[in-house]
Amino acid sequence: MGDAVGSREKRFEGIAVAPGIARGPAVIHWVDEEEIPYRKIEASELPEEIARFESALIATRGELLEMQQKIAEAIGTTDASIFDAHLLVVEDRTLIDEVLRSVESDLHNVEFAFHKIAARYCKSLSEIDDPYLRERVVDIEDVTRRVIRNLLGKASTGVHAHAEPHIIISHNLTPSDTALLNRSLVLGFATEVGSKTSHTAIMARSLGIPAIVGLHDATDHIATGDSLLIDGYRGILIVDPTPQTLREYEAYEEEKDLVEERLELIRDTFSATSDGIRITLSANIELPDEMGDVKENGAEGVGLYRTEFLFLNRETLPDEDEQFENYRIVAEKSAPHSVIIRTLDIGGDKVAASLDLPKEDNPFLGCRAIRFSLEHPAIFKSQLRAILRASKHGHVRMMYPMISGLAEFRQAGAILEECKAELRSEGKPFDEKLEVGVMIEVPSAALAADLLAKEVQFFSIGTNDLIQYTIAVDRVNERIAHLYKPTHPAILRLIKMVVEAARANGIWTGVCGEMAGDIVLAPLLLGLGIDELSTSPTLVPRVKKAVQSVSLVDCQDLAEKSLQANTSSDILQLCVDFARSRYDELVS
Ligand code: PEP
Ligand code: MG
């Protein structure tokens, strides 16, 4: 943190994850457990304590109703109905009476009584082996936090509870929270934890919202209503910016706007290097309504459709028909280009309440992605059938996430064949030539790429995970974010190995991890032999500009020098120098 002399301005530095600058009032989004104060009270204070409790329950009820209405407007009433269960908790007479009795008999503050009794309810419910009752535990915990925050006089918590434009400050935002952000109201967000490749950061880039993560203890120094400036280019959050800072930022913003305007001009141009080598530039999406951004930013279709986002923020799983509708829309809107639909990648930092999965100690190493699909063939089959059916409505390709080796690919392939046979016998059409590829994001898959390349039709390297699994650095842990190095020599070697295996077998290789959207690193990827780059729609124009500003021969030279370098910082320096000498105005 830094303070400007003689002013109230405070600066916090974090990790820049989504470009842009925004100014607006802070809204603190509390997610962590509150400290529950304990206080003895006098009998004479009882009426006041009871009145406080009643007001907190009324305020909580009001918040829940408001959120329910907003969510109903944003995503439909089915999902908004989750708040019915929350409302039942604030109206639960048994719970309320027990709290009142506890305050009266033990003469202690109502926060303490409410927390204690709610925790006891949760404990008893969680011990009963019934998924419905376990779900109620989550409701009670959520509502308890709200009531306690209202008793403590803290701001409301929902990321969608504010009607004015604002900047969200939070300890953390889950990918599900981020998926619900209202683009017209949320000007930007900053979190204490997280890293550049967490799905929360990826969502921010997709939504085009300036964002910073890894701000450590920022919520201790910022209050709801504080005036903020968020610099998503450099990862700086400024509280109470001085007039001088605002002037400097106006000039900086003008510079950036000019760059954006120039990027607009190349939107419809060809994506090729200066020596005429075509590089396919496509976009990553999470939801079909991002297709407008895909087109607007001049991407050539969709290189990664993260279908798991259809499974988040809801109580029930989408059935085959609902999935088919979503995939069909994306296939049609991607035309004349293709869409690569990735099968479910649930797990890790993407938790789907509708699946009610047991908590794992190491979720990124657990039952994630293709492992989940293979363990739940009914869910997997409904998705495969929906993808196959959508393949009749455009140019659809499909890939599996987190494949660790050939056996897993074959297992998935066998289920795919079953689905094809079913559809044939039901007379439901699909593209018999649907191309199937795999994501290369587990080191074992990269090392066994020569085996996989003989049976798959393309590779898409998921550098976000490939880096985390290769260097053993949790991609969402800000404490070790400095160890997460896309330019680690081991990463370059693995990418080279994958490309060579692909070429030897006549298939292509793309990169759909965040490295593809990093204009400093994109030339290195091209030099290593990557054929396709897929990134957040909003980053496509700058990547196109980078591609057009380099020759493949120079990129190959950069890759060769990088492969000979010894450390990630040496390689990064080579890449930065390369980018600066060709498109300095794009490098932050
Ligand atoms: C990756 O791991 O690089 C990737 C693109 O997949 P995700 O970010 O969804 O894990
Ligand atoms: Mg991945």
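Two conventions precede the exercises.

The model is predicted, and local features need pLDDT of at least 70, side-chain atom pairs count only at pLDDT 80 or more, and totals for chains, interfaces and linings use all residues. Residues are numbered from 1 along each chain as its sequence is written, chains are lettered from A and ligands numbered from 1 in the order written, and side-chain values use heavy atoms, without hydrogens and water.

**Exercise 1.** Describe how H11 and H13 pack.

Step 1. Helix H11 (residues 320-334) and helix H13 (residues 377-390) pack at about 35°, their axes 8 Å apart. Helices are DSSP runs (H or I, at least four residues) numbered from the N terminus; axes are lines fitted to C-alpha atoms over the stretch in contact, and angles run from 0 to 180 degrees between N-to-C directions.

Step 2. Residues of H11 including Gln-323, Phe-324 and Tyr-327 meet residues of H13, among them Ser-382, Gln-383 and Ala-386. Contact means heavy atoms within 4.5 Å.

**Exercise 2.** State whether Gln-323 is buried or exposed, and list its contacts.

Step 1. Gln-323 lies in helix H11. Gln-323 counts as buried because its relative accessibility is 0%; buried means under 20% relative accessible area, exposed over 50% (1.4 Å probe, protein chains only).

Step 2. Leaving out residues up to four places away in sequence, Gln-323 touches Leu-310, Phe-311, Pro-318, Ser-382, Gln-383 and Ala-386.

**Exercise 3.** Identify the buried residues of H22 and what covers them.

Step 1. Ser-568, Ile-571, Cys-575, Phe-578, Ala-579 and Tyr-583 are the buried residues of H22.

Step 2. Their cover includes helices H18 (489-504), H19 (522-527), H20 (540-548) and H21 (552-564).

Terms used. Helix = DSSP H or I, 4+ residues; strand = E, 2+ residues; numbered from the N terminus.
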